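Dear colleague,

I am handing over the structure below. My notes on what was found in it follow.

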Amino acid sequence: MGSLIEDFIDPAGWLEWEGDFALNTLFYGEFNNTGPGAKTQGRVKWAGRRDMNKEEAAAYTVETFLNGAWMKEAGAPFRKGPRS
């Protein structure tokens, strides 16, 4: 989410791990990445890999996924939600 992905990343995005282990249960979501490796047309066609919209991506931000309140109190820099 919101990452710069360079062209050295294989267009498939991921490789199988230990054969077909977990391919039916995994979730790999992408949102608003940039750079030459961010194009998702060549990504693996696994059922759990997809492009997310802003609302879906919000569930995986620091604020919601990691309960970001403690990060603010600690003075750690972070972005609360997805960039559109």
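The mean positions of the 10 positive and 12 negative charges of the protein lie 9 Å apart. Lys and Arg count as positive and Asp and Glu as negative, with His and the chain ends not counted; each charge is placed at NZ of Lys, CZ of Arg, CG of Asp or CD of Glu.

This is a predicted model, in which local features need pLDDT of at least 70 and side-chain atom pairs count only at pLDDT 80 or more, while totals for chains, interfaces and linings use all residues. Residues are numbered from 1 along each chain as its sequence is written, and side-chain values use heavy atoms, leaving out hydrogens and water.

The protein has three helices and two strands, in the order β-β-α-α-α along the sequence. These are DSSP runs numbered from the N terminus (helices H or I, at least four residues; strands E, at least two). Along the principal axes, the C-alpha atoms fill a box of roughly 40 × 30 × 20 Å.

Of the 84 residues, 25% count as buried (under 20% relative accessible area; exposed is over 50%, partly exposed in between; 1.4 Å probe, protein chains only). Among contacts (heavy atoms within 4.5 Å) with a separation of 6 or more, 54% are between residues 24 or more positions apart.

Met1 sits in the segment before β1 (28-30). Met1 counts as partly exposed because its relative accessibility is 35%.

Regards
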